[in-house]
Structures are given as structure tokens and as C-alpha cells.
Amino acid sequence: MQLQHKACSDSKADSSGFVELRDAAFAALESNVVSSANGFIDMIYESMHMVAQCGGNLDGCECGVCVNNAVQIAQDECGNSLSGEVYLDSCFISFSSNDNNGIPGNSNQGREERDLVLSLLSQHNFNFANTC
């Protein structure tokens, strides 16, 4: 499963408990996407907004493996970023904190980057539902 794109916010968490909360949210995301009927999850876990989607060619277990790989990249490379997105060739994940302590929401720049990535992935026969 090849990394296509990764984006981590410049805004960082000040709370020492953020990484633990984010990792618990990632675990819930992985568990829920495996049991979903369509390989798509859009969920709130405490103060985290989590999304995962797999290509239609993946079964539940394959989707779980792909999402797990994307989660590992996010954990390793985004550190304590308040939000991030990881696009692999067969799935994507995004996470963001819903905490209102000065944390930015989705910016136009973020939506433009996502539109560009979705366009590039669609050229490689990877179909996402419209989640933007």
C-alpha cells in the first residue's frame, strides 16, 4: 500500500493527553471500519473527528490493514499535530480535534489540497465517495 499524500497541520496540541486520546480514536476508527459494510466511517470519538474510507475492491480485513498502515504513518509523521490526512493508494484517513481552544477548522487551503489529491487518485482508478 503506497503512500500517495500526507498532510499534518502546523498547529500542535499543548495537552500531554492529546496523543493518547488521538491513538484511542485511531483504534476505534480501525475497529469500526473493519466492521462497516461499505469501508467508510465518519465518527466522533470524544473531541476527535475521524474519517476512514477504503476502495471498493477491499474486503473488511484488507480495509482494516490499509487503515492500520495509514494510522501508523499519521502517528509516526504527524506527531502531536491537531489534524492530518493520509492517503494511501487503497484508502485514506483524516483526523482533527474538535476542541475549541484556538484550533482551526477546515480551511479553504485544506479543501483545495484534498480536491487535488482526490483528483490525482481518481486518475489511478481509485474511487472515493464524496466525503469532502
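What share of the 132 residues in the chain is buried? Buried residues make up 42% of them. Here buried means under 20% relative accessible area, exposed means over 50%, and partly exposed lies in between (1.4 Å probe, protein chains only). This is a predicted model, in which local features need pLDDT of at least 70 and side-chain atom pairs count only at pLDDT 80 or more, while totals for chains, interfaces and linings use all residues. Residues are numbered from 1 along each chain as its sequence is written, and side-chain values use heavy atoms, with hydrogens and water left out.

Start with the overall layout. The chain has three helices and five strands. Helices (H or I, at least four residues) and strands (E, at least two) are DSSP runs, numbered from the N terminus. Along the sequence the pattern reads β-α-β-β-α-β-β-α. The accessible surface of the chain is about 7,100 Å². Carbon and sulfur atoms hold 44% of that surface. These areas come from the Shrake-Rupley method with a 1.4 Å probe, and for residues only the protein chains shown count as cover.

Next, look at contacts, meaning heavy atoms within 4.5 Å. Take those with a separation of 6 or more: residues 24 or more positions apart account for 66% of them. A7 and E85 are 78 residues apart in sequence, yet their C-alpha atoms are 5.2 Å apart in space. A7 counts as buried, at 19% relative accessibility.

Now go inside. A nonpolar core is a set of buried Ala, Val, Leu, Ile, Met, Phe, Trp, Tyr and Cys residues joined through side-chain atoms within 4.5 Å. The largest one has 29 residues. Within it, M50, V67 and I93 touch the most other members. Helix α1, strands β2 (40-45) and β3 (48-54), helix α2, and strands β4 (83-88) and β5 each supply at least two residues of this core. Helix α2 gives the most, with eight residues. Leaving aside residues up to four places away in sequence, V67 touches E30, V33, A52, C54, C91 and I93.

Some of those cysteines lead to the next topic. A disulfide is a covalent bond between the sulfur atoms of two cysteines. In this model the term applies to a pair of cysteine sulfur atoms within 2.5 Å. The structure holds three disulfides. C8 and C78 form one, with their sulfur atoms 1.9 Å apart. C8 lies in strand β1 and C78 in helix α2, so this pair ties together parts 70 residues apart in sequence. The torsion about their S-S bond is about -70°, so the disulfide is left-handed. C8 is partly exposed at 24% relative accessibility, whereas C78 is buried at 2%.

Another disulfide joins C54 to C63, at 2.0 Å from S to S. With 80° about the S-S bond, this link is right-handed. Both C54 and C63 are buried. C66 and C91 form a disulfide too, their sulfur atoms 2.1 Å apart. That link is left-handed, with -95° about the S-S bond. C66 lies in helix α2 and C91 in strand β5, so the pair ties together parts 25 residues apart in sequence. C66 and C91 are buried as well. Number the bonded cysteines in sequence order, and the pairing is 1-5, 2-3, 4-6. Which cysteine is in no disulfide? That is C61, whose nearest cysteine sulfur, in C63, is 9.7 Å away. C61 counts as exposed, at 59% relative accessibility.

Charged side chains come next. Side chains of opposite charge can pair when their charged atoms come close. A salt bridge is a side-chain nitrogen of Lys or Arg within 4 Å of a carboxyl oxygen of Asp or Glu. The structure holds two. K6 pairs with E77, their closest N and O atoms 3.4 Å apart. K6 is in strand β1 (residues 3-8) and E77 in helix α2 (residues 60-78), 71 residues apart. R22 and D23 form a salt bridge at 2.8 Å, N to O. R22 is buried at 2% relative accessibility, while D23 is partly exposed at 26%.

Finish with the rings. Rings of Phe, Tyr and Trp (its six-membered ring) pair if their centres lie within 6.5 Å; planes under 30 degrees apart count as stacked, over 60 as edge-to-face and the rest as tilted. The count comes to two aromatic pairs. F26 and F95 are edge-to-face, 5.3 Å centre to centre with 80° between the planes.
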